[in-house]
Amino acid sequence: MGFHIASAAPRRLSEDETMQGVVNAWYPLAWTSELGQAPVRRTVLGRPIVAWRGADGAVAALDDLCPHRLAPLSRGRLRDGAIECAYHGLRFAADGRCVRVPGEERIAPALKVARYATREKLGLAWIWMGDPEQARPQDMLDIPEADRPGWAYEQGDALGYGCHYLNLCDNLCDPSHVSFLHPTTLGDPLGEGVPIDTRAQGRSIVVSRWIRNVPPVASFAPFIAGPVDRWQYYTYHAPSITVVDFGTAPAGRVGPEGDRNLGLRVLIGHCITPVDDERCIDHWFSLRNFGTDDPAVGRALHDGFRVAYQEDKDMLEAIQQEERRHPGVRPVRIGIDAAPVRMRRLVGQMQDAAGPAASRG
Amino acid sequence: MGFHIASAAPRRLSEDETMQGVVNAWYPLAWTSELGQAPVRRTVLGRPIVAWRGADGAVAALDDLCPHRLAPLSRGRLRDGAIECAYHGLRFAADGRCVRVPGEERIAPALKVARYATREKLGLAWIWMGDPEQARPQDMLDIPEADRPGWAYEQGDALGYGCHYLNLCDNLCDPSHVSFLHPTTLGDPLGEGVPIDTRAQGRSIVVSRWIRNVPPVASFAPFIAGPVDRWQYYTYHAPSITVVDFGTAPAGRVGPEGDRNLGLRVLIGHCITPVDDERCIDHWFSLRNFGTDDPAVGRALHDGFRVAYQEDKDMLEAIQQEERRHPGVRPVRIGIDAAPVRMRRLVGQMQDAAGPAASRG
Amino acid sequence: MGFHIASAAPRRLSEDETMQGVVNAWYPLAWTSELGQAPVRRTVLGRPIVAWRGADGAVAALDDLCPHRLAPLSRGRLRDGAIECAYHGLRFAADGRCVRVPGEERIAPALKVARYATREKLGLAWIWMGDPEQARPQDMLDIPEADRPGWAYEQGDALGYGCHYLNLCDNLCDPSHVSFLHPTTLGDPLGEGVPIDTRAQGRSIVVSRWIRNVPPVASFAPFIAGPVDRWQYYTYHAPSITVVDFGTAPAGRVGPEGDRNLGLRVLIGHCITPVDDERCIDHWFSLRNFGTDDPAVGRALHDGFRVAYQEDKDMLEAIQQEERRHPGVRPVRIGIDAAPVRMRRLVGQMQDAAGPAASRG
C-alpha cells in the first residue's frame, strides 16, 4: 500500500464499502443515556460511526476512521470537545475538520472526516446517514402518546438480529405470525387464519386485525379477564420503523373505528438500525395506558415481549442462513404477504430516489 | 429481494446450492432410533433435509425449507402426520404437498417441497438423494452376517469429520495406514510394508492383506494369545460405504482362501454421508462372531476403535486444511494407492452417469 | 481430485498459495530453545514449514507437506534424523529427499519436499525463504553489543499480531506514536510534536529524536531521576527488522553525537515474521547496559514493554479490520510518515528485484 494525498473534499465511504440501503433516513444510533463524554462506536449501513456528546450536550457523529492511518477514532480520547486519535494524536472537531496535527503548523485539507446530522427523540439518539444539510427533522418518528398524560414510557432493549433488516421489517408488517411463533405470549391458535387489513399511505403501511370474543392472550391475561376483543395495528414507516398497537378490551366495548383507549393498550416502537447485509439492531420501547404508576406492569409486559422477540430472532437468523445457502431461491407469496411486498417496493423506491450520488451522502 | 410466483413443479435445489456428488445412491440419514414424532434436520450432499416418522412408522424426508419465506421446516411441529412451519403455519405432507395455508382456501401449486425416498436397514434410516421414483432397494448395503445366528450387532457412533467424504473413503480403501497411524489399537510396526491385494468387481473394491505368525494387535490381545495370523479385508461399495473385515486366528489355522469364521472376526460397517465439500459423517457399527453374549467385549472393541477413528479424524482434518491452502497441489501416487485411485474413478463415473439433469433429482 | 505423477523437481508452492513478500530474506522461525528432536510447525510468508534439529544439531526446515497425500509432516515422528509421515510412513531427510516408502524398493523422484536454509543467531533460528543456495549469511541481523561485555541479553516474547507485517513495520519506523499510545510506559505528553530525524542508508532507515531536560518516562523512572535527556533511535532493516535504541541520561551529559553508553541504554530487537496477509509474529528481545547482573531490572523493563506492545497490538489489529473493510481507502500522509513511506518503497524494490521466478524460491 502506498501513501497518497487525498482530495480536499471530506472523504465519504464508497458504495463498495457499505451496504445498499436508504441513506436519507433517520436511524437509531444509541439510547440517549449511552452518549456522554466518551466516544462510542456504532455501525450503520455498513459504516462505522464514532459518536460523543459535546460540551453543549449536542451529539457529534463522524466516520470512525482517522484519515491518517485508518485507526478507529473511537479508540481515542475527547480533548476540548474534539476527538483525538489514540495513535498519533490528530484531533477532529464535531464538524469533521482536523484541528491539530502534532508537530505541524499547517493542516492538509484532506485531513477531514465525514460528519452526520443527529437528533434526540423518544429516548434515542438518531442519525441521518445522507447529506447532513438535507436532514429532515419532519421525517423523524412521532408518537403523540409519548407526550400525553396517562401514558408511561418504558425503555426496552437494543436487540441485535443476525439478519438483513428487511427480513425483520417483514416480520413487523405481519400480525399473523404471532399465532404460530409466539403462542405463549402474544398469540394463540384462536388467531390462526384471521383475516388482516392492509392500508398504505405515503411511506406508511398499516396492517391490522381484530380477534373478537375470545380469552386474552398470555401477555394480557394478568390484567383483564375474558371474553375480550383483541387488536393488532402494525404501522410501518419506511424504511425501518414499526409501531405496534397491541391491545385488549372487554368484548364489544370498542367498535371497529372506536376509541382503543377504552381498552388496555400498548404501543411498541421498533426502530431498526441496519448494521450490514446480515445484521441489524432493534431499539424497542413501549408506551402503555394502564398500570402507568406500577413498574411491575411494565416489567411483566417486557418479560413476555423478550420471550417473543427471542423467538423472532431465532427464526429470522435461521432464515438468514437458508437465504445465504440458497441465493437463487425466491419466496412464494401468499395472502398475508401484501404488506411485506408493499414494504419492499417502498424501500426500493426510496433507494432509487436517492440515487448513487446521494447514497454517498 | 422481491417475491415471485414460483413454477408449479416442486422446486429442487440447483447445482449451485449443493455439493458435487452422486445423487443416485443411498446415504445414512440417522440411526433409526433417532427418528420419531419430532422433526429432525440433517444435511446430505449440501441439502438440508427434514425427516420424521409418520403415523404409519414410515420415515418422511423433505427439503428442509418452507417455500413461503425459506424458514427451516424442522423448526416446526408435526400435525396430523404433516410438518407445520413454525413461522406462519403452512403444512406439508410426507409427499411434499402443501395441505394447509392458514386463512386461505386455495393452495398455490408452487407451495410444494421436494421429497426423498427412504428405507431402514442395519439400524439406520437411509435416504436416496436422486429421483425417488428411481430409488433402487437392491443398491442398499447388505451384510448377510447381520441376520445370521452367532453374530452380535453393536451400534457405534455418528462421527463427524471435517473433510471431503472421498478423503475418508481413501482411508477406508487403505489397510496399510493402520501400521503407522493406529499403533496402539489396530496396527503395529510388524505390518509396515506388508503387501496388499486389490481386486475390483463392479462398483466394489476389495483390498486385503495378511500378516502371519505375529502377536495380535492391541485390539485383539485381550481375546487371543500369539502367535496369530491377522487379516484385513476392506470392501468398498461406491460411492461411500466400506465394510472392514478385521480378524485374527491362531497362526496357521486359516489358509488364504479358508474360512475366516474359524478365527475371531469383526465386521465394521462404515457408512459415510457427504454433508458438504468439507464435512461428512461416518455412521459406523460392528458385527462380531465372538463374545456375542458379553457386552463388555463389544465395549472393549469399540473403545479401541474410537481411539483409532479419532486419529483418522485428526489426520484427515489436517489434510483437508492443507488441501484448502494448496488448491493446485496433486498427491503423488505410490503403490498402496491402487484402490483409492480406482475408487475415485468409480465415483467419477457414477457422477457422470447421473448427469446434470439427474443431479437435480 | 485425481492422482498425478508430479515432475521430478522438488515442488515449491506457487504464488497463489503464498502471500506476497520478500523471499530473499532471513526471518525468525523460532527461539533456538524451541527446536529439538521433535518436529515443530511454523508458517512463514504463507508457507507451512516443519523444522527440527538433526543429530548434528543443525536446524532442518522443509515444506510441511507430504507430497503423497498432503499430510502435514509435523504430525509425524523423527526416525534416524529424518521426518516420518504419520499417515503412511514415508520418510524425508533434512535435504528434502524421500529416503523410504514402506513396501517399495524404488522411490519416485517426485517424492521430494522443498528445503530451506537456516541459521542461528541472537537466540533465534532464522529461515531464508528463497533459494537455499542463494542464502546470504551477511544479510543476517547483527547487533555488536550482543557480544560485548557490559551488556545483558534478555529474551522477550513471540508476540502474534493480527495484522499485515508492514503495518507493524510502520509502527517500528515511528518514534512519535509512543507519546500518544504508550503514555504509561514509553512516552508521555512531553514528547508530543517533537521533531524527528530520518536518515536512510542502503536497506536501512534510522529514525530518531531527542527530548531534552525532562523527567524520565515511566519505564526509566525506577532507574534514574530527572531532569534527563531521552532518546529514541529506531533502526529499520528491510524487510522486517527494527532495532530500537531507547535510552535516558542525566540532562546535558550526552551531546547529539555523543556516546549514548554514558546513559542508561536498552536495545530492543524486533524481528518480524510475516505469517500471511493478516498475521505476523514479533520475536523481540532486549540488550541493556545497566543492571546487567540484576534479573529484576530486565523483568521490570519487559513488564513495561509488554504493556506497550499490547497497546500496539490492539491498535494495529483494529486498523487491520478497517483496512479489510475499506479496501479502497489510502492513508493521508503527514510529516512523521517520511520513514514509513521510505520503508514501503524499499520493500517494494526488494520484491520487484526478486521477481516472480525468485519468489518461488
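**Salt bridges and a chain interface in a predicted model**

Modeller: The side chains of Arg41(A) and Glu322(C) form a salt bridge, N to O 2.7 Å. Arg41(A) sits in strand 2 (residues 40-44) of chain A and Glu322(C) in helix 3 (residues 295-325) of chain C, so the pair joins two chains. This is a predicted model: local features need pLDDT of at least 70, side-chain atom pairs count only at pLDDT 80 or more, and totals for chains, interfaces and linings use all residues. Residues are numbered from 1 along each chain as its sequence is written, chains are lettered from A and ligands numbered from 1 in the order in which they are written, and side-chain values use heavy atoms, with hydrogens and water left out.

Biologist: What counts as a salt bridge, and how many does the structure hold over all chains?

Modeller: Side chains of opposite charge can pair when their charged atoms come close. The rule asks for a side-chain nitrogen of Lys or Arg within 4 Å of a carboxyl oxygen of Asp or Glu. Over all chains the structure holds 90 salt bridges. Helices (H or I, at least four residues) and strands (E, at least two) are DSSP runs, numbered from the N terminus.

Biologist: Is Glu322(C) buried or exposed?

Modeller: Buried means under 20% relative accessible area, exposed over 50%, and partly exposed in between (1.4 Å probe, protein chains only). Glu322(C) is buried, because its relative accessible area is 2%.

Biologist: Which residue forms a salt bridge with Asp157(A)?

Modeller: Arg306(A) does, with the closest N and O atoms 2.7 Å apart. Arg306(A) lies in helix 3 (residues 295-325) of chain A and Asp157(A) in strand 11 (residues 152-161) of chain A, so the pair ties together parts 149 residues apart in sequence. Arg306(A) is partly exposed at 33%, and Asp157(A) is partly exposed at 25%.

Biologist: Where does the interface of chain B and chain C come from, in terms of residues in contact?

Modeller: Contact means heavy atoms within 4.5 Å. By that rule 31 residues of chain B are in contact with 34 residues of chain C. Buried area is the accessible area (1.4 Å probe) that two parts lose on being put together, summed over both. Here it is about 3,200 Å², with carbon and sulfur atoms giving 64%. On the chain B side, Phe180(B), Pro331(B) and Val332(B) lose the most area to chain C, together 22% of what that side buries.

Biologist: How many salt bridges does the rule find across this interface?

Modeller: The rule finds three between chain B and chain C. Glu192(B) and Arg100(C) meet through their side chains in a salt bridge of 2.8 Å, N to O. Elements giving two or more residues to the chain B side that touches chain C are helix 1 (165-171), helix 2 (178-181), helix 3 (295-325) and helix 4 (338-359) of chain B. Helix 3 of chain B gives the largest share, eight residues.

Biologist: What is the phi of Leu70(A)?

Modeller: Phi of Leu70(A) is near 70°, a positive value in a residue other than glycine. Leu70(A) is in the loop between strand 4 (59-63) and strand 5 (77-79) of chain A, and it counts as buried because its relative accessibility is 1%. Asp80(A) also has a positive phi, near 55°. Asp80(A) counts as exposed at 76% relative accessibility.
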